[in-house]
Amino acid sequence: MFDGLKDKLGQFKDDVEEQAEEPAEGDDEAEADTEAEPAAEAVTESEPDTAEAESAEDGPGLAKKAALAATGKTIITEAELEAPLEQLELELLQGDVEMTVAREITDRIREQLVGETRKQVESGEQVVERAIAEALRDVISVGQFDFEQRIAGADKPVVIVFTGVNGVGKTTSIAKLSQWLETHGYSSVLANGDTYRAGANEQIEEHADVLDKRIITHEQGGDPAAVIYDAVEYAEANDVDVVLGDTAGRLHTSNDLMAQLEKIDRVVDPDMTLFVDEAVAGQDATNRAKEFNDAAEIDGAILTKADADSQGGAAISIAHVTGKPILFLGTGQGYADLEEFDPDEIVSRLLEE
Ligand code: GDP
């Protein structure tokens, strides 16, 4: 999962290392001469501490510069960072990371490395790795909240409505989430608000049968709000904790979508609207997340098929672009293949050797 992105970040680390290995700019005077930025832009160690110079043992290049930093010399300059950062931005774009997100990541890495705190003398590699980790964490953890806590704290039944286009794994995700809720001690009822698509009832009924969940359906062409309303009534009468309501995903205009979701809003006042899309769709998934969020505000996203996505562009971009977090990753076709999205863990996975 996301191996492509992992490779790109690894390459960036190597590129920075290589840049930093270039000789001749290892002292403060030389740095002051670089045409791009004054010496103040360089990462320098202002508080000499020779005891930390042993980080030089970590190897040449950045590690050596980090050691020099311990004695007041430069780690890396903004000018040295430019080429690797440009390359990283390009690679991120090729990996389907949304443009503003790729720019945000590289800007934050630059900010981190150039403004590096003078006191912490790590190996050069650690300095770069920490800068990447913080930049990634900042963009992917926008709006993050604890889904389980939200469920635990809400009045029951908690009504969750799912939006997103068909074919991306929406129905499967609803089924997976009902299973996830069960393992966390919450009962749920499914509602097929996708009254538009032929066969939608049968599709979700199959999942409900396997999982032994109650499913509320109406005839094809019926009113989605009415189906979800019935499910809420059922949940209230039977002490069911959560209502999981699907909606039609193939509406022609955002006006249709808005009208449908506005009606659901009026009739059942959902606690959460979750957008579902597939990681493998990359930039398209990010664009759709934005469109759906613009048409009817979402609270979070589920990104399916992460197991089949090597790029990671959508996983990196959706939270930053919508301002709403990714809450779960779908990681396979089984009902248990649903992972809570934990930004720290994702970042560690992306940076592990
Ligand atoms: P819907 O039309 O959006 O409701 O899509 P479905 O739920 O029917 O899923 C479409 C296909 O994607 C099915 O074959 C699912 O098994 C598959 N699928 C759903 N989620 C995942 C996932 O996380 N990983 C993988 N590999 N396949 C998935």
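How many nonpolar, polar and charged residues are there in the lining of the largest pocket? The lining divides into 2 nonpolar, 7 polar and 3 charged residues.

## Ground rules

What you're looking at is a predicted model, where local features need pLDDT of at least 70 and side-chain atom pairs count only at pLDDT 80 or more, while totals for chains, interfaces and linings use all residues. Numbering starts from 1 along each chain as its sequence is written, and side-chain values use heavy atoms, with hydrogens and water left out.

## The whole chain

The protein chain has 14 helices and 8 strands. Both are DSSP runs numbered from the N terminus: helices are H or I with at least four residues, strands are E with at least two. Of the 353 residues, 52% count as buried (buried is under 20% relative accessible area, exposed over 50%, partly exposed in between, with a 1.4 Å probe and protein chains only).

Now for contacts, meaning heavy atoms within 4.5 Å. Among those between residues at least 6 apart in sequence, 77% join residues at least 24 apart.

## Back to the pocket

The largest pocket has a volume of about 230 Å³. Its lining is made up of G167, V168, G169, T172, S173, K176, T304, K305, D307, A308, G332 and Q333. Helix 8 (residues 170–183) gives the largest share of that lining, 3 residues.

Here's how a pocket is found: on a 1 Å grid over the protein atoms alone, it is an open set of points where a 1.4 Å probe fits, with protein on both sides within 12 Å along at least five of seven lines, and lining residues have an atom within 4 Å of a point. Grid points are joined across faces, edges and corners, and the volume is the space filled by probe spheres set on the points.

## Helix 5 against helix 13

The axes of helix 5 (residues 99–114) and helix 13 (residues 313–322) come within 9 Å and cross at roughly 95°. Axes here are lines fitted to C-alpha atoms over the stretch in contact, with angles from 0 to 180 degrees between N-to-C directions. The two helices are therefore roughly perpendicular to each other, a label for angles of 65 to 115 degrees. On the helix 5 side, T100, V101, E104 and I105 meet I316, S317, H320 and V321 of helix 13. By class, this contact has 4 nonpolar, 3 polar and 1 charged residues.

Helix 13 is mostly covered, with 9 of its 10 residues buried; among them are I316, S317 and V321. Just after helix 13, G323 takes a positive phi of about 80°.

Most residues other than glycine have a negative phi, and most peptide bonds are trans. D96 has a positive phi of about 70° although it is not a glycine; D96 sits in the loop between helix 4 (78–94) and helix 5 and is partly exposed at 28% relative accessible area. D239 also has a positive phi, about 55°, in the loop between helix 10 (224–238) and strand 4 (242–247), and is exposed at 67%.

The peptide bond from K156 to P157 is cis, with omega near -5°. You'll find P157 in the loop between helix 7 (147–153) and strand 1 (158–163).

## A look at E129

E129 belongs to helix 6 (residues 124–140) and is partly exposed, with a relative accessible area of 26%. Not counting residues up to four places away in sequence, E129 touches K13, L351 and E353.

Terms used
Nonpolar A, V, L, I, M, F, W, Y, C, P; charged D, E, K, R; others polar. Parallel < 35°, antiparallel > 145°, perpendicular 65-115°, else oblique.
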